[in-house]
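Here is a friendly walk through one protein model. Have the sequence and the 3D view ready before you start.

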Amino acid sequence: MAQENTIIRFNNVSFEYSNSKVILDEANFSVRKNSKITIIGQNGAGKSTIFKLLLNTLKPTSGTINLELGTKIGIAEQMVPKDKMDLTVLEYFKTAISDDKQEFKIERDVAKVMKEVSLNIPLTYVVKSLSGGQKARLLLAYALITNPDVLLLDEPTNNLDAQGVAELTTFLMNYEKTVIVISHDANFLNCFSDGVLNLDIHTKQVEQFVGNYYDVITEIEAKLERDRQANARLERSIKQRFLKINKLGGKSIAMSQLARKIREDIEADKETKVEIRREDKTIPEFNILSQEYIGYIIKINDPIITELGKGMRLQIVGPNGIGKSTLLRDFLSGKKADINPQIRIGYYSQDFSELDFGHTAYESLDSVSENHEKEVIHQAGARFLLTGDILKTKVESLSEGQKGLLCYARLYLQKPGLLILDEPTNHINFRHIPVITKAIDEYTGPVVFVSHLPEFYSKIKNVRELELT
């Protein structure tokens, strides 16, 4: 890759947190100017860490990060920071602008970027009042307001409906500057990616590939299979030679010398075995047990759908911004539904508002578990890839994917009588989605949900729709 075409270069970059948790180990890769790059890897592999290193909010433990002189970087984060939720839309954009522009110029620039991302809302709206889809567009517009040379996108399709994803895809395909994307949406990524950075959570290395998303995934799987076959052939050869050594025994000096030579060859061959790239782990199948209860569970203030009993599913549908998430929150608060006070509610929100960010992951699980034995909590965490070290970590420090898995570990322990799910696949690695979908489909209590992901809602049986217009 020609030096003059490179806008970003990582040279032997290592990074570890203060608790000696290594995230990157001498990572080397480069990004060409105006390319569209996808970052993939297991939850906790360091995808968001790379973004923070590029933004200079984290410093490498060792190694160097070289940016082309004058490079400006903008990021569309997964969620609006909590300390900006009470701002108006205009006030929110002002936090991204460092110079003292005149008011009319700021409003003109904001109107321009909002038009680019198809966001048509008054600047006086308060950020927290926006729908999930509107916030997703707002985050992208916020990243564009400074006219960055490198655009970082962290799960940009979260909360977008099909039209929103299509509009974002078209925008990125026509965008003439460098884009680096973290996403679990394979179809979306394949439309515009021309390179992939794979973060291996086991080796802490970064593998760089050229090509669209599906080509790269196929290449990785093909190499994995070649390595497995090569190792299998080597293992068979080693086994056959060990059998030969046993037959030679120590009958003569010549045979002993030959046996020793074979042993040396075997040891040398063992060193040539290829280290198999370990695939991302998928959570094992699990069940969300339902609270045993006799009586009504939820009565909804709707003329058509008035009560949901066991096994019933209600999907709230409608375009972005129509108020689907608001309706779910109104159900929870009792404004639009009567939920039996004896029922435990399992809630998955878009912004993880059900979690106490000051708790450790262990404390978060323990707070909903009927059984407070340490072993039970650790076993539940491990089932959802939350290791002992992760359970000691505060929720606020977890990756968004880990927060999502923490929510499912909580539902697993909680045994709720009702599930209310707002985009339950947001932040979840695509490998886990079929497992989670199966668990929700087999849950015996009632479920009320909002989802824009066909791979999820098309697999849930006995669904009735409540359309908002």
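What follows looks at one strand and its neighbours, then at some rings, and finally at one loop.

First, some ground rules: this is a predicted model, so local features need pLDDT of at least 70 and side-chain atom pairs count only at pLDDT 80 or more, while totals for chains, interfaces and linings use all residues. Residues are numbered from 1 along each chain as its sequence is written, and side-chain values use heavy atoms, with hydrogens and water left out.

**A covered strand**

Let's begin with strand β16, residues 447-450. Helices (H or I, at least four residues) and strands (E, at least two) are DSSP runs, numbered from the N terminus. In a regular strand, side chains alternate between the two faces of the sheet. In β16, Val-447 and Phe-449 sit on one side, Val-448 and Val-450 on the other, and all are buried. Buried means under 20% relative accessible area, exposed means over 50%, and partly exposed is in between (1.4 Å probe, protein chains only).

The table shows the pairings.

| Strand | Sense and bridges with β16 | A bridge partner in β16 |
|---|---|---|
| β12 (residues 313-317) | parallel, three bridges | Val-447, for Arg-313 |
| β15 (residues 418-422) | parallel, four bridges | Phe-449, for Leu-421 |

**Rings**

Rings of Phe, Tyr and Trp (its six-membered ring) pair if their centres lie within 6.5 Å; planes under 30 degrees apart are stacked, over 60 edge-to-face, and the rest tilted. That rule gives 14 aromatic pairs. One of them is Tyr-213 with Tyr-214, edge-to-face at 5.9 Å centre to centre and 65° between the planes. Tyr-213 is buried at 4% relative accessibility, whereas Tyr-214 is partly exposed at 34%. Elsewhere, ring pairs link Tyr-92, Phe-93 and Tyr-142 into a cluster.

Charges can sit over rings too: NZ of Lys or CZ of Arg must be within 6 Å of the ring centre and within 35 degrees of the ring normal. The charged end of Lys-82 does this over Phe-357, 4.8 Å from the ring centre. Lys-299 lies over the face of Tyr-296, at 4.5 Å.

**A loop residue**

Is Asp-200 buried or exposed? Asp-200 is in the loop between β8 (195-199) and β9 (206-210), and counts as buried because its relative accessible area is 8%. A polar atom of the Asp-200 side chain lies 3.3 Å from the backbone nitrogen of Thr-203.

Terms used
Pairing = 2+ DSSP bridges. Polar contact = N/O pair within 3.5 Å; in protein donor to acceptor, adjacent residues only side chain to side chain.
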